[in-house]
Structures are given as structure tokens and as C-alpha cells.
Amino acid sequence: MGAGHGHGHLDEQVAPVRARPWPAALLLGFLAVVGVAAVVAMVVMWPGRPDIDAKYIADGARLVNAEVTSVKDSCAGQQTQDGAPECAELRVRLLEGSEKGTPATVQVPPQVAESGLAKGDEVQVLQTPGTPPSYSFQSVNRNVPLGVLAAIFVIVVALVARLRGLLAIVGLAFGAFVLVRFMIPALLEGSSGLLVALVGSTAIMFVVLYLAHGPSLRTSAALAGTLVGVALTGGIGLVMIREARLSGVADEGAAFLTTFVPDLDFRGLLLCAVIVAGLGVLNDVTITQASAVWELRGVAPHLTRRELFSRGMRIGRDHIASTIYTIVFAYAGATLAVLLLVYIYRQPADDLLSLEQFAEEVARTLASAIGLVLAVPITTAIAVLTVGEPVDEVPAVRGKHV
């Protein structure tokens, strides 16, 4: 570069990096053993169809699709002291079953009627046998708007992330399959929540990571760190649930579930939820750490392994800080109604945290966060031990004038 004229810069080219043979062999051997064990466990534990049918939940009652024919913003004679409506009424026409075409009237909370329900919308009503049958409101049929949103999501991912993004969606679909066809039925059959979570999460992470990021040693290092993080999260969650005496039936959904599956291991269900809830963020952190180590080795082959670990952890600390915010705010958003109750109660924080509905969320958040934080140095160490030297034929840094 001439003195005082023009601008120079480094055109950095990351060199391909070899793997260290023995550490790589140990890593792949570990993953092979864990993968085979997960497949065998899944085959052995694979559940049959649980003896519970969501459409026939009690005494022959069943869910029926219906079309709204009119909406009335109040129910006759049912108002609060200040004159506000206590409920609203929907006139509907049944769309299926032997009663197809039959009109019916169902009561709904006024908030449901005010949500925009109009003539022509589809709802689900619970039909209870009798002469004549009685009907009660269950939910709004939201398949169309949710389907449109899902289609937009796939299109946006395909346009921006292209093949990599589409493969991630395929991995997500596989995760949903494992959750719906293996984990949930296995829990309903009474399998250990910890074992179901570990086996299911392992299967999901194998497919998701290799699909989204490709089969490579750096992906394998991230996968190993993820699996260790999952195990740590499970262990921490197990101790937390036991020591805090959590029952797993704090929220309305779990309490309602006791009616239909009274023998379900609700503490195991809570533990499974703790592990599954942290999978996405854990995967994000570990793949970032493995990639950071590989890239650092490519651009700075002179670094010792101690220095490589130190610089990788510098990146990891920044990622930990931002990811902890992600976890906490994600849980805060999901439990905003609970936070409103905290505000309304105006009780000392330590008294509120002793209530199980709050203690569960705190335990879930902290267990996931601890597993996440510990996975960062573990993944970084695995990547540092596995990564080799840059290929000699391609220089790590090449200078160039412009």
C-alpha cells in the first residue's frame, strides 16, 4: 500500500481444518454408543396406543365441529352486580355426526364472544349424551389462520435460509414426531419421565443437528456437548424437584389431567418438561461454540490449545449472557398471567415463590440455565481437543492490496 494513498485490508481465508485422529475417534465412538443405546431404548420403550381417547373423554361425551350462526353478547338473566354480562351465547349448527345440521345454543365467556367471533366461524362443542344431547363450548377452530401462518413461516425460511433452513424445518418435524408418537404416549403409559426425556431428546438432537448443520466433526462436537448438557439439566432438575417437594400439578392443565390419568407420574412429567424446554437454546449455544473453535483454528493456527480454549470461552461468555436473557424472558412471556397474579397478590416475594405455581417456573428456568451454562465450557473443551491443524496447502491468512 503506497504511503498516504489507497486503503489496504486483509483478505482472510479460513483454511480447512483437520481433526485429530484419536480424539475424533473417541468422540465418534461415544456418539455411536449413545446413538445405538437411544435407538434400542426407544424400540424397547415404544408405547402402544394409550387407553385414552381425547375425543371420547367421559361417559360417551365427544367433541363435535359446529358452525356459528349467530352471536349474542349476553345470556338471559346472567349479569354481574355492575351490569356487565356474565356470559355470552352462541347459536351453532352441528357439522358432523348423527346430529349433523342440528342447531344448538352454547354459553361462552364474554371475552370469547368479544374476540371477533362471527357468523360462519367454526367452533368445537362438547356433546354429552342424553335425550336430547346437551352441548357446551370447547374452543374455536383455528386451523386455517394457523395453517396460513405456518405456510408463511416455511416460505420465509426457504427464501432467507434456503436449503439449510428447509433441512432445519425437516428436523423440527422429526422432533414433533418423536414428541407426539413416542414421548407423550410413553409418559401416559407410565414410563419414567427422566428416561423418556433423555431418550427422546437424544434422538431429536442427533437428527436435528446433523440435518441442519451437516455431518462433520464440528457438528459432532456440538452434539456431544448438547447431550452432556441434556444429562446435566436432567440431573439438576431431578434434584430440584425432589428438594423443593414439587408435585407437578400446580397448573390448571396438570390438575385437569389428573381426572383422566390419575396414575400418571406428574413429577416425571415436570422433569421431562424441564429437559425438553431447554433443548433449542442448548443446541444453539453448543453449535456456536464448536463453530467458533473451528473458525479460530482456521484463522489462527499458531494458538496453543489453552489459548484456543480461552478465546473460545470469551465468545461463549458473551453468548451465555444473551442466552440467559432469552431463557428468562421466554418463560416470563409464557407465564405473564402468573406474573400478573404476583403483582395482584402484593405478598413478599419469598412467600410467593413458595407457591408451587411460581416455584415450578423458577425451578424450570434455573435448571435449564445451569445446564446451558455448563454446556458451554464442556462443548468448547470437546471442540478444542478434537480440532486439528489447518491443511498446509491453503494459507490461513493471505494479504492482498487493493
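How do the residues of the lining of the largest cavity divide into nonpolar, polar and charged? They divide into seven nonpolar, four polar and no charged; Ala, Val, Leu, Ile, Met, Phe, Trp, Tyr, Cys and Pro count as nonpolar, Asp, Glu, Lys and Arg as charged, and the others, Gly among them, as polar. The model is predicted, with local features needing pLDDT of at least 70 and side-chain atom pairs pLDDT 80 or more, while totals for chains, interfaces and linings use all residues. Residues are numbered from 1 along each chain as its sequence is written, and side-chain values use heavy atoms, without hydrogens and water.

A cavity is a set of points on a 1 Å grid over the protein atoms alone where a 1.4 Å probe fits but cannot get out, and its lining residues have an atom within 4 Å of a point. Volume is the space filled by probe spheres set on the points, which are joined across faces, edges and corners. The whole structure holds one cavity of 30 Å³ or more, and the largest has a volume of about 70 Å³. Its lining includes Gly 229, Thr 233, Leu 282 and Ser 368. α5, α8 and α12 each give two or more residues to this lining; helices are DSSP runs (H or I, at least four residues), numbered from the N terminus.

A nonpolar core joins buried (under 20% relative accessible area, 1.4 Å probe, protein chains only) Ala, Val, Leu, Ile, Met, Phe, Trp, Tyr and Cys residues through side-chain atoms within 4.5 Å.

| Core | Size | Residues include |
|---|---|---|
| Largest nonpolar core | 56 residues | Leu 31, Phe 182, Ala 221 |
| Another core, apart from it | 18 residues | Ala 88, Leu 90, Val 112 |

Leaving aside neighbours within four places in sequence, Ala 221 is in contact (heavy atoms within 4.5 Å) with residues including Leu 27, Trp 294 and Ile 382.

Note on methods. Buried means under 20% relative accessible area, exposed over 50%, partly exposed in between (1.4 Å probe, protein chains only). On a 1 Å grid over the protein atoms alone, a cavity is a set of points where a 1.4 Å probe fits but cannot get out, and a pocket is an open set with protein on both sides within 12 Å along at least five of seven lines; lining residues have an atom within 4 Å of a point.
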